[in-house]
Amino acid sequence: MQQLDDTILIELAVNKNDQRAYGELVNRHQSNLRYSMRQLTDWNETLADDLVQDAFVQAFKQLHKFRNKAKFSSWLYRIGYNTFLQHVRKKQLITESIDDQPLAANDSLISNDANEDSDARSDLHQRVAKLLSQIEPERRSVLHLFLHRQHTQQEISDIMGIPLGSVKTHISRGRKALQSNLHAWQG
Amino acid sequence: MSSFNQQSIDQVSNNAEVLDALFSDVRSDEPGLIDQNITKVVLNTLPKKVIRTRKRSVLFDLVGLTLGLIAAYFFFDIEQIFVSSMSLIPESLSITVANIAAFFIGSIVLAFVAFWAGEKASK
C-alpha cells in the first residue's frame, strides 16, 4: 500500500471503498497539512489537529469529485483552508490586521539577540505563525502558500479558488505588512 | 535623492531580504510531524454509510429511470398524455418583446433551480 501512487489510492478508496487506501493517504499527507494548519492558527496545535481531522473527513466525502488535474495535496489544502475559514467565521478568531497597525518594537517576534539565538531557532516555526497570525486569514493563507510552500501565483489562485489579481494583491500587501512588522522589530 | 529616502529604500530592501531569509530558514527546518493517531481517529470518524461511488451512482439512476418508465406505462394513459402535450404547442407563434422576456426569465429561473438541485444533490 505504501508503494502505491496517490492516484491509485484514490481510485481504490472511491471505487472499492478501500478505507486502508484512504488511511495511507491520510498518513502520507497529515504532516504537511497539520504544519500548514498550525501556521494558519498561530501554532494552536490542538485546533490545527482538529481542523485537519475535519478536513480529512470532508475530503473523504468529496473524494469522488477529485480530478487528477490538480495534485491531491493541493486539493486537500483547499479543503483544509475552507475548514479553517469556517472555523474563523464561527469563532471569530482574532485576526487584527497589521496592515494599518504594525507591532511595536518591543513586541518583537524574532529576536535579534545573540543570547536568545538558540531559543529563537527552536521557536522559529511558532514565531513565524505568530507573525502570520497578525494578517487576515485569506492573505495569511496566500502568504503561506507563496513564501513557505513556494507555489506560483497561478497555482495559489487555483488552490484557493480566488482570482489571480487578488493573489497578487495579497502577496504585495502581505509582504509589505510583514516587512513593516520586521521594520518595527528592527527599530 | 535625499539621504533619508535612500535610507528608507535600503531599509525596505533589507527587510525584504530578511523576510525571504526567514521563510527560507523555516522551509528548510520544517519538521515532519509524527502521526499521533491522526490516521486512526480520521478512519474512525469516517461516515459508516459508504459514499455512493460514481459507477454505483449511475447504476442507481438507470434502475430508477427504468422502474419509473415501467410504472408510467402501466399507470398512465401515454397516448392521452402525448395528445394533450401536442395540443399545448401553439399553431402559430408571434415573437413579441414580452414573449422573449418571458422566455429568458423562465430559462434563467429553470437554470437556477437545476443548479441548486445539482449542488444540493452533490452535498
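A salt bridge is a side-chain nitrogen of Lys or Arg within 4 Å of a carboxyl oxygen of Asp or Glu. By that rule, 2 salt bridges cross the interface of chain A and chain B. This is a predicted model, in which local features need pLDDT of at least 70 and side-chain atom pairs count only at pLDDT 80 or more, while totals for chains, interfaces and linings use all residues. Residues are numbered from 1 along each chain as its sequence is written, chains are lettered from A in the order in which they are written, and side-chain values use heavy atoms, with hydrogens and water left out.

**Interface of chain A and chain B**

- Chain A brings 43 residues to the contact and chain B brings 34 residues, where contact means heavy atoms within 4.5 Å.
- About 3,800 Å² is buried between chain A and chain B, with 62% of that area from carbon and sulfur atoms; buried area is the accessible area (1.4 Å probe) that two parts lose on being put together, summed over both.
- R34(A), H148(A) and Q179(A) supply 13% of the area that chain A buries against chain B, more than any other three residues.

**Polar and charged pairs**

- One salt bridge joins the side chains of R175(A) and D20(B), at 3.0 Å from N to O.
- Between chain A and chain B, 9 residue pairs are in polar contact, both residues being at pLDDT 80 or more. A polar contact is a pair of N or O atoms within 3.5 Å; within protein, one must be able to donate a hydrogen and the other to accept it, and residues adjacent in sequence count only if both atoms are side-chain atoms.

**Aromatic pairs**

- The count over all chains is 8 aromatic pairs. Rings of Phe, Tyr and Trp (its six-membered ring) pair if their centres lie within 6.5 Å; planes under 30 degrees apart count as stacked, over 60 as edge-to-face and the rest as tilted.
- Y35(A) and W43(A) are an edge-to-face pair, 5.5 Å centre to centre with 80° between the planes.
- Both Y35(A) and W43(A) are buried, the classes being buried under 20% relative accessible area, exposed over 50% and partly exposed in between (1.4 Å probe, protein chains only).
- F72(A) and W75(A) form a tilted pair because their planes are at 35°, with the ring centres 5.8 Å apart.
- F72(A) is buried at 4% relative accessibility, and W75(A) is buried at 16%.
- F66(A), F72(A) and W75(A) make up one aromatic cluster.
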